[in-house]
There are 2 protein chains.
Amino acid sequence: MDASDDTGATAPGAGTPEPPAPRRTKKLVNAPDEVVADALRGLAAAHPRLRVDPRARLVVRTDAPVAGKVGLVSGGGTGHEPLHSGFVGPGMLDAACPGAVFTSPVPHQMVEATRAVDGGAGVLHVVKNYTGDVLNFRMAAELAEEEGLSVRQVVVDDDVAVSDSTFTAGRRGTGATLFVEKIAGALAERRAPLDAVADVARRVNDASRSFGVALTACTTPERGVPTFELGPDEIEVGVGIHGEPGRERRALAPARELVETAVEAVLAELPDPVDGPVMALLNGMGGTPLLELYVAYGDLVEALELRGVPVVRSLVGNYVTSLDMAGFSVTLCRADEEMLRLWDAPVETAALRWGR
Amino acid sequence: MDASDDTGATAPGAGTPEPPAPRRTKKLVNAPDEVVADALRGLAAAHPRLRVDPRARLVVRTDAPVAGKVGLVSGGGTGHEPLHSGFVGPGMLDAACPGAVFTSPVPHQMVEATRAVDGGAGVLHVVKNYTGDVLNFRMAAELAEEEGLSVRQVVVDDDVAVSDSTFTAGRRGTGATLFVEKIAGALAERRAPLDAVADVARRVNDASRSFGVALTACTTPERGVPTFELGPDEIEVGVGIHGEPGRERRALAPARELVETAVEAVLAELPDPVDGPVMALLNGMGGTPLLELYVAYGDLVEALELRGVPVVRSLVGNYVTSLDMAGFSVTLCRADEEMLRLWDAPVETAALRWGR
């Protein structure tokens with residue numbers, strides 16, 4: 001009879017081998033609980049046009065508040081970089097509040113960001129649809145309004161994979177956040193009033209849908225081992241950006257088939273007209289090299305062409321990530337002319353940068 | 001007595017277990033031998049300002065040749081994206097020739113690229129110091145000159161980790177390639193003559209040194225398993241961008257210590273003055289998330305500050321990669337005023353983009 005204690009551990013030398021310990025993921029960090037502050041120190045050093053407070057977890061445009069301009073604030077758990085801190089700057093966000101890894105920032109951060117960017121024209125909060133984020137941003141808006149600030153909020157919920165997921169009531173917010181922040185940010189830069197900026201943000205969200213596929217899990221610095229287990233030949237179809245379960249597990253297949261699955265899922269829920277032009281984001285989850293993302297983007301354009309859907313703007317790269325997860329997501333936005341003009345407007349952030 | 005056949009495989013139920021088969025890496029590709037062409041199709045679809053021939057493996061600015069401008073051509077094995085194709089465009093390269101994965105392009109590609117970008121002012125080849133690349137570019141230059149074209153070449157050899165490595169006589173060419181292509185590209189854009197463009201390229205290379213650290217190996221689509229083995233807690237210090245061995249294997253350590261090792265190695269071989277200002281590239285190897293790269297960048301700036309070395313320009317991200325390898329490299333360039341002005345000049349490519 002083998003000896004084992006009541007933790008279920010097997011004594012050395014017993015006949016039944018222990019199940020292998022999950023393989024630890026090597027991380028380029030210092031102390032795991034310092035990773036957010038350490039990364040923000042690096043961000044500050046690399047981007048002198050950002051005002052960064054690593055302890056208070058605030059990233060603000062150096063020229064904020066901009067008088068007469070609607071301020072844009074977003075935020076969410078750390079681990080999705082460059083979202084949101086990499087999108088702070090002229091033409092996009094005025095401030096970002098990063099939370100702990102995969103954890104909502106707290107209302108206090110959001111209020112401080114709101115104050116910091118209020119130039120007298122009000123502030124728009126861009127909130128991804130996760131329960132913690134939604135509740136905390138709602139509380140922050142109430143607190144800010146008690147101080148006399150005008151706040152509107154738009155909740156981004158573009159991920160069609162599941163309704164009601166691990167951290168969410170309704171659809172999750174993922175890749176469309178980038179489109180919302182860029183387009184609303186450009187309208188705010190033109191000194192449009194708060195309601196107009198909130199309205200375009202809502203319209204971009206309504207016009208956008210996303211779907212993701214994980215080839216591997218991701219590993220948070222705190223845990224050190226993958227957040228879930230995928231078999232050596234298994235993928236998670238419809239995965240969330242924290243590794244939340246999607247629609248099904250399936251065997252790994254060629255990129256073309258995975259992209260096809262994503263395109264079907266997104267087009268099925270994209271607003272009409274079915275052959276209307278789209279903006280396309282082929283987004284990497286953080287661990288997939290650019291080479292493979294371009295392979296998938298070629299497949300995406302082919303899948304859309306076959307269905308008569310023209311792609312009028314595109315972006316390929318790691319923008320809304322899940323730490324070191326391998327995989328990709330597809331976001332399509334049925335953009336109107338105004339959205340395209342605002343997309344094309346100049347932007348000057350760490351992660352998106354173009355002039356005109 | 002256990003039964004085993006002479007392949008060394010152990011019969012089921014025998015006492016000695018087989019060594020585990022190397023874990024296959026899941027790849028977002030179609031056929032492995034189509035990965036270069038597939039990725040180039042995606043690149044073409046995403047970037048209408050590039051003329052891409054996926055079969056001939058050529059990526060050229062749509063407006064090439066630009067009359068009176070020195071043409072810049074680079075190239076090398078695929079697997080280091082965005083290098084070089086992502087650096088083609090106004091202000092940087094005129095053309096790139098990608099080879100097969102981790103394999104030099106062939107002279108025929110280079111000659112075709114040289115012809116395509118010759119605007120009457122000659123062509124500069126930027127060549128990373130790997131034996132195959134150097135020989136093939138040399139042959140291409142001879143062939144192009146037989147056709148009456150003027151060609152100069154600069155060989156980039158910035159990696160201080162080892163001299164004479166797996167594929168190289170002398171130092172390997174890595175991160176400095178980005179500095180060389182950006183700065184020489186900007187000078188060419190100002191219509192400087194061929195010898196001046198070649199000269200600044202050479203001076204940037206001479207002023208730059210790099211050092212890389214791998215936390216994991218990388219996996220080529222063809223092989224499907226890691227190109228080398230690293231233990232679960234082991235790193236390769238001084239790794240090359242194809243996974244070539246470096247100076248030593250060591251246990252994983254905090255980011256700060258790894259960066260410290262890289263900084264020591266680079267500063268030891270950087271030209272004087274020791275406290276002169278530098279441009280810094282904190283480069284990801286492809287599989288390390290941006291969050292961790294910013295942690296390392298914070299540590300890099302701190303290490304340089306301690307030594308009194310001011311950082312006057314910086315770049316953080318995945319630029320000169322090794323497929324899905326986790327890890328980073330540090331490149332420092334002791335830039336003079338002219339180099340800094342040229343670095344700041346506008347650039348319009350897939351991977352680097354800024355106006356002024």
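**Figure 1. Helix 2 of chain B in the predicted model.** In this predicted model, helix 2 of chain B spans residues 107-117 and is mostly covered, with eight of its eleven residues buried. The buried positions are B:Pro107, B:Gln109, B:Met110, B:Val111, B:Ala113, B:Thr114, B:Ala116 and B:Val117.

Figure 2. The relative accessible area of A:Phe211 is 1%; because the limit for a buried residue is under 20%, A:Phe211 is classed as buried. A:Val127 lies 84 residues from A:Phe211 along the chain, and the C-alpha atoms of the two are separated by 18 Å.

**Figure 3. A salt bridge within chain B, between B:Asp159 and B:Arg172.** The side chains of B:Asp159 and B:Arg172 meet at an N to O distance of 3.0 Å. B:Asp159 and B:Arg172 are 13 residues apart, and each is located in the loop between strand 6 (151-156) and helix 4 (176-189) of chain B. Both B:Asp159 and B:Arg172 are buried. Over all chains, the count of salt bridges comes to 54.

**Figure 4. The interface of chain B and chain A.** Chain B contributes 55 residues to the contact and chain A contributes 56 residues. The buried area between the chains is about 4700 Å², and carbon and sulfur atoms give 61% of this area. B:Lys26, B:Leu28 and B:Leu291 supply 20% of the area that chain B buries against chain A, more than any other three residues. Across the interface there are 26 residue pairs in polar contact, with both residues at pLDDT 80 or more. On chain B, the elements that each supply at least two residues to the side touching chain A are helix 1 (35-46), strand 8 (234-237), helix 6 (255-267), helix 7 (290-306), strand 11 (311-317) and strand 14 (353-354). Helix 7 of chain B provides the largest share of that side, twelve residues. By class, the side of chain B that touches chain A comprises 30 nonpolar, ten polar and 15 charged residues.

**Figure 5. The rotation axis relating chain B and chain A.** Chain B superposes on chain A through a rotation of 180 degrees with 0.0 Å of shift along the axis, giving an RMSD of 0.0 Å. That is the relation of a two-fold axis. Of the residues of chain B, B:Gly287 comes closest to the axis, its C-alpha being at 2.3 Å. Because 100% of the interface residues of chain B are also interface residues in chain A, the copies meet through the same surface.

**Figure 6. Salt bridges across the interface.** Six salt bridges are found across the interface of chain B and chain A. One of them pairs B:Glu292 with A:Lys27, the closest N and O atoms being 3.0 Å apart. This pair runs from helix 7 of chain B, which holds B:Glu292, to the segment before helix 1 (35-46) of chain A, which holds A:Lys27. B:Glu292 is buried at 3% relative accessibility, and A:Lys27 is buried at 7%. B:Lys27 and A:Glu292 also meet through their side chains in a salt bridge, with an N to O distance of 3.0 Å.

**Figure 7. The salt bridge of A:Arg41 and B:Glu302, and its network.** The closest N and O atoms of A:Arg41 and B:Glu302 are 2.8 Å apart. A:Arg41 belongs to helix 1 of chain A and B:Glu302 to helix 7 of chain B, so the pair joins two chains. A:Arg41 is partly exposed at 25% relative accessibility, and B:Glu302 is partly exposed at 33%. A network of salt bridges links A:Asp38, A:Arg41, B:Arg256, B:Asp299 and B:Glu302.

Key. Residues numbered from 1 in each chain as written. Chains lettered and ligands numbered in written order. Predicted model: local features only at pLDDT ≥ 70, side-chain atom pairs only at ≥ 80, totals over all residues. Heavy atoms only, no water. Contact = heavy atoms within 4.5 Å. Buried area = accessible area lost by both parts, 1.4 Å probe. Salt bridge = Lys/Arg side-chain N within 4 Å of Asp/Glu carboxyl O. Polar contact = N/O pair within 3.5 Å; in protein donor to acceptor, adjacent residues only side chain to side chain. Helix = DSSP H or I, 4+ residues; strand = E, 2+ residues; numbered from the N terminus. Nonpolar A, V, L, I, M, F, W, Y, C, P; charged D, E, K, R; others polar. Least-squares fit on C-alpha atoms with pLDDT ≥ 70 in both. Buried < 20%, exposed > 50% of the residue type's maximum accessible area, 1.4 Å probe, protein only.
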